[in-house]
Amino acid sequence: MIKIYPITVECYSGYKADEYPRAFTLENKRYEIKEVIDRWYQGYLNPEFPEANYFRIETACGNRFLLKHDLKNDKWYVCEK
(Lines give C-alpha, C1' and ligand atoms only; values in the text may rest on other atoms or scores of the structure.)
Protein backbone atom coordinates (compact mmCIF):
# COMPACT_ATOMS: atom_id res chain seq x y z
CA MET A 1 0.00 0.00 0.00
CA ILE A 2 1.29 3.43 -0.91
CA LYS A 3 1.34 6.11 1.78
CA ILE A 4 1.18 9.80 0.90
CA TYR A 5 2.39 12.69 3.02
CA PRO A 6 1.45 16.33 2.39
CA ILE A 7 4.33 18.65 1.50
CA THR A 8 4.93 22.27 0.61
CA VAL A 9 6.45 22.73 -2.85
CA GLU A 10 8.28 25.60 -4.55
CA CYS A 11 7.65 25.41 -8.29
CA TYR A 12 8.96 26.81 -11.52
CA SER A 13 6.15 28.50 -13.39
CA GLY A 14 6.86 29.00 -17.08
CA TYR A 15 4.14 28.95 -19.70
CA LYS A 16 1.84 27.40 -17.09
CA ALA A 17 1.60 27.50 -13.30
CA ASP A 18 3.43 24.88 -11.25
CA GLU A 19 5.22 23.51 -14.32
CA TYR A 20 7.68 21.47 -12.26
CA PRO A 21 8.95 21.38 -8.65
CA ARG A 22 12.24 23.06 -7.64
CA ALA A 23 12.22 22.32 -3.90
CA PHE A 24 9.92 20.89 -1.25
CA THR A 25 9.57 20.82 2.52
CA LEU A 26 8.77 17.61 4.39
CA GLU A 27 8.60 17.56 8.21
CA ASN A 28 10.32 20.98 8.45
CA LYS A 29 13.24 19.89 6.25
CA ARG A 30 13.76 21.60 2.88
CA TYR A 31 14.96 19.49 -0.07
CA GLU A 32 16.43 21.20 -3.12
CA ILE A 33 15.59 19.29 -6.32
CA LYS A 34 18.63 18.58 -8.46
CA GLU A 35 16.86 16.70 -11.27
CA VAL A 36 13.44 15.60 -12.45
CA ILE A 37 14.20 12.03 -13.51
CA ASP A 38 10.76 11.22 -14.89
CA ARG A 39 7.29 12.72 -15.00
CA TRP A 40 3.86 11.54 -16.08
CA TYR A 41 0.26 12.58 -16.04
CA GLN A 42 -2.66 10.64 -14.61
CA GLY A 43 -5.58 11.77 -16.68
CA TYR A 44 -9.30 11.83 -16.66
CA LEU A 45 -9.76 8.63 -18.69
CA ASN A 46 -10.46 6.63 -15.54
CA PRO A 47 -12.74 8.56 -13.16
CA GLU A 48 -11.57 6.39 -10.24
CA PHE A 49 -8.25 8.23 -10.33
CA PRO A 50 -8.17 12.03 -9.98
CA GLU A 51 -6.08 14.11 -12.37
CA ALA A 52 -2.53 14.41 -11.13
CA ASN A 53 1.02 15.05 -12.23
CA TYR A 54 3.76 12.78 -10.90
CA PHE A 55 7.46 13.62 -10.68
CA ARG A 56 10.26 11.18 -9.85
CA ILE A 57 12.99 13.47 -8.56
CA GLU A 58 16.50 13.42 -7.13
CA THR A 59 17.46 15.94 -4.46
CA ALA A 60 20.75 17.80 -4.18
CA CYS A 61 21.76 15.43 -1.34
CA GLY A 62 21.11 12.35 -3.56
CA ASN A 63 17.77 11.16 -2.18
CA ARG A 64 15.05 10.08 -4.60
CA PHE A 65 11.35 10.75 -4.10
CA LEU A 66 8.07 10.42 -5.95
CA LEU A 67 6.01 13.62 -5.80
CA LYS A 68 2.32 13.85 -6.66
CA HIS A 69 0.50 17.06 -7.57
CA ASP A 70 -3.27 16.63 -7.13
CA LEU A 71 -4.50 19.05 -9.79
CA LYS A 72 -8.12 19.27 -8.67
CA ASN A 73 -7.24 20.28 -5.11
CA ASP A 74 -3.88 21.90 -5.92
CA LYS A 75 -2.13 19.86 -3.22
CA TRP A 76 1.30 18.21 -3.26
CA TYR A 77 2.35 14.91 -1.69
CA VAL A 78 5.38 12.66 -1.28
CA CYS A 79 4.50 9.03 -2.07
CA GLU A 80 6.12 6.14 -0.23
CA LYS A 81 5.74 2.36 -0.40
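Biologist: Which residue in β5 is the bridge partner of N53?

Modeller: H69 is that partner. N53 itself sits in strand β4. Strands here are DSSP runs (E, at least two residues), numbered from the N terminus. This is a predicted model, where local features need pLDDT of at least 70 and side-chain atom pairs count only at pLDDT 80 or more, while totals for chains, interfaces and linings use all residues. Residues are numbered from 1 along each chain as its sequence is written, and side-chain values use heavy atoms, with hydrogens and water left out.

Biologist: How many bridges pair β4 and β5?

Modeller: Two strands pair if DSSP finds at least two bridges between them. β4 and β5 (residues 64-70) have seven, in the antiparallel sense. Four residues lie between the strands of this hairpin, where G62 has a positive phi near 95°.

Biologist: What joins strand β3 to β4?

Modeller: Eight bridges do, and β3 (residues 29-42) runs antiparallel to β4. One example is Y41 of β3, whose bridge partner in β4 is N53.

Biologist: Is N53 buried or exposed?

Modeller: Buried means under 20% relative accessible area, exposed over 50%, partly exposed in between (1.4 Å probe, protein chains only). N53 has 12%, so it is buried. Y41 has 41%, so it counts as partly exposed. Now take β4 (residues 52-59) as a whole: seven of its eight residues are buried, so the strand is largely enclosed by the rest of the structure.

Biologist: Which residues is N53 in contact with?

Modeller: Contact means heavy atoms within 4.5 Å. Leaving aside neighbours within four places in sequence, N53 touches W40, Y41, L67, K68, H69 and L71. On the same terms, the contacts of F55 include V36, F65, L67 and W76.

Biologist: How many residues does the largest nonpolar core have?

Modeller: Nonpolar side chains tend to be buried together in soluble globular proteins. A core is a set of buried Ala, Val, Leu, Ile, Met, Phe, Trp, Tyr and Cys residues, joined through side-chain atoms within 4.5 Å. The largest has twelve residues, among them F55, I57, F65, L67 and W76. Strands β1 (3-12), β2 (20-26), β3, β4, β5 and β6 (75-80) each give two or more residues to this core.

Biologist: What is the phi of E27?

Modeller: Most residues other than glycine have a negative phi. The phi of E27 is positive, near 50°. E27 lies in the loop between β2 and β3, and is exposed at 72%. D74 also has a positive phi, near 50°. The loop between β5 and β6 holds D74, which is partly exposed at 47%.
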